[in-house]
Amino acid sequence: MFPPTPRNKITLANGTTVTSPLGGYQYVPVEMVPDSSDTVLESWVDCAAFKKHITKVYSSQEFKEKAQEAKHFFGSVHDYVFGRPTTLENIWNVYDYLNTELVYNQTFAFRLPPTLIEQARALANYHEDAVFSDKEVGGIGNIAGRTILHPILRSLERIAFDDDPLRILLIETSYQPFISLFHMLDVLSSRPDLAGIPNFASALSFELLRGPAPEFRDFVRIKFKNGTDDSAFQTLRVLGHEDEAIPVTEFIYRLEVRVPHEACPMTRLTFSTLQNQQTISTTPSQTRSSGTQHAVTAGGSHSKTPSALQLSRLR
């Protein structure tokens with residue numbers, strides 16, 4: 001019904017013509033679940049505790065000072081966002097609009113003054129990092145990471161057990177869990193450049209490794225590829241460890257004891273519902289490793305760009 005065709009292509013603002021993969025493959029139209037119904041991996045939707053957290057962020061002295069610093073930018077960008085509110089609270093929508101138009105609208109790209117997109121991205125990074133993080137690992141600001149961490153930890157336990165059929169786990173989600181997880185895992189202390197929004201086509205991988213005899217202890221190694229900016233995955237140091245891998249028992253224990261399961265009334269529903277959603281797929285395999293990816297979608301909003309978390313064992 002939707003055969004591949006070389007006519008399934010799009011011309012970008014820079015003149016590049018991109019043809020859909022597999023000879024012009026036509027993807028079957030999929031109706032997206034509206035935000036009001038999607039609470040499986042977006043547990044912060046309609047969460048009263050998280051709304052209070054946002055209010056606290058917006059009322060902080062740091063946020064007010066950043067908004068004051070950004071006044072000149074918002075004055076400059078006002079004529080290019082066509083009625084959208086030019087405030088720090090709305091910076092994500094400002095950046096998302098500018099970035100999408102810059103990629104796909106040549107007329108817009110020719111008109112947008114230099115440095116505005118870079119300034120918008122920097123402010124959007126600040127906003128999203130402030131909103132989707134918390135000083136406490138188990139704080140409500142980290143709800144995006146806490147929600148996705150639950151199936152990660154459960155799956156690591158299963159994959160580490162040789163008699164369990166689970167060999168690989170893949171989760172598709174939006175970008176917010178990346179931000180929370182980097183805070184929860186203390187990644188930013190050694191990689192402050194990763195604070196904020198990950199690039200398109202980014203990937204976070206959790207690999208389960210079997211240690212040497214006689215203990216045959218399991219370790220978890222976490223790698224990240226920030227879209228096409230990185231040519232290969234880079235190993236992240238987590239939870240204060242200098243080694244590339246951390247014992248999986250320590251990894252699970254340190255996160256479980258510090259991360260409550262129910263900071264928001266939605267959280268318990270999210271965790272239990274997550275186990276039965278098609279969003280998670282399990283596949284028997286000869287290897288076991290785990291990873292999270294941002295997929296590229298032509299014309300899609302970054303906020304809804306799917307990501308994937310994959311878990312597997314490397315022998």
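A: A salt bridge here is a side-chain nitrogen of Lys or Arg within 4 Å of a carboxyl oxygen of Asp or Glu. Keep in mind that this is a predicted model, where local features need pLDDT of at least 70 and side-chain atom pairs pLDDT 80 or more, while totals for chains, interfaces and linings use all residues. Residues are numbered from 1 along each chain as its sequence is written, and side-chain values use heavy atoms, leaving out hydrogens and water.

Let's start with Glu-207 and Arg-221, whose side chains meet with 2.7 Å from N to O. That pair ties together distant parts of the chain: Glu-207 belongs to strand E4 (residues 203–210) and Arg-221 to strand E5 (residues 218–225), 14 residues apart. Strands are DSSP runs of E, at least two residues, numbered from the N terminus.

Asp-46 is exposed, at 52% relative accessible area, and Lys-51 is partly exposed, at 45%.

Another pair is Asp-193 with Arg-191, where the closest N and O atoms are 2.8 Å apart. Finally, there's a trio: Arg-154, Glu-157 and Glu-256 are joined in a network of salt bridges.

How values were computed: Buried means under 20% relative accessible area, exposed over 50%, partly exposed in between (1.4 Å probe, protein chains only). Helices (H or I, at least four residues) and strands (E, at least two) are DSSP runs, numbered from the N terminus.
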